[in-house]
Amino acid sequence: LPSSTCGARAKGNGLLAAEVGCATTFVVESLDAYGERRRGGGDVVVARLMVGGDVTVEAATVDNTDGSFNVTYVAESVDRRQKLYVSVNGIPVKGSPFRPKLSPGPVSAKSSTVSGTQLYDSVAGRPTTIHVQARDCFGNPRRTGGDAFAMNVKAGVPNRIEYKETFRTWSQHYTSTDNGDGTYSITWSAN
């Protein structure tokens, strides 16, 4: 019976760290009056990432019907104010709230941003430098290097066939520098 649960403990890496956009799991065990894991399920386990009173992520819980519960959540932000609250039958688990270290997820080209004074204009034969901020799929900036970025520049295409003769073909050359902090400097020139 759920009412025979006298306490609970939580364990697993998901209490310590999570990567944004990736499923993170930990285990909750309901305990009997002697501090031993119960042999049955039926408890209500709730886990939430919260900032103050606002829920940012609601975790999914699977009852293994042996007194243990697999809890999975997907963090969406690296906001360091977030705390992981875990309860069984409305009673906080020992150590709750937890403070998992939240890190940005894998790089997303679609969410990464590019900046620079010569982003839209450059002169053939002169080096142009732009800056890339790597971001995960939720737009969180990555704070470490190691990602690979490639660049492709395309010239404008003339809208009339007779102008095609005046446009010459050119090649581009670029170098990418990993700044080690989630930003990258890309220098290129058109020849």
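**Entry 1: R37 and E29.** I looked up R37 and found its side chain meeting that of E29 in a salt bridge, at 3.4 Å from N to O; the term stands for a side-chain nitrogen of Lys or Arg within 4 Å of a carboxyl oxygen of Asp or Glu. The model is predicted, and here local features need pLDDT of at least 70, side-chain atom pairs count only at pLDDT 80 or more, and totals for chains, interfaces and linings use all residues. I note too that residues are numbered from 1 along each chain as its sequence is written, and that side-chain values use heavy atoms, with hydrogens and water left out.

R37 is partly exposed at 28%, whereas E29 is buried at 5%. I also found R37 and E29 in a network of salt bridges that links them with R9, K11 and D66.

**Entry 2: other salt bridges.** By this rule I have a count of eight salt bridges. One of them joins the side chains of D43 and R38, with 2.9 Å from N to O; D43 is buried, its relative accessible area being 7%, and R38 is buried as well, at 8%. Another joins R81 to D79 at 2.7 Å, N to O, and here R81 is exposed, with 55% relative accessible area.

**Entry 3: the nonpolar cores.** Next I turned to nonpolar cores, meaning sets of buried Ala, Val, Leu, Ile, Met, Phe, Trp, Tyr and Cys residues joined through side-chain atoms within 4.5 Å. Which residues of the largest core touch the most other members? They are F26, V28, Y73, L84 and V86, out of 22 residues in this core. At least two core residues come from each of β1 (7–11), β3 (23–31), β4 (45–51), β7 (68–74) and β8 (83–88), where strands are DSSP runs (E, at least two residues) numbered from the N terminus. Apart from this core lies another, of nine residues, including V132, F149, Y184 and W188.

**Entry 4: β6 and β7.** Last I looked at strand β6 (residues 60–63), which runs antiparallel to β7 and is joined to it by four bridges; two strands pair if DSSP finds at least two bridges between them. In this pair I saw D63 of the chain standing opposite F69 in β7. The hairpin of β6 and β7 has four residues between the strands, and in this hairpin T65 takes a positive phi near 60°.

Key: Buried < 20%, exposed > 50% of the residue type's maximum accessible area, 1.4 Å probe, protein only.
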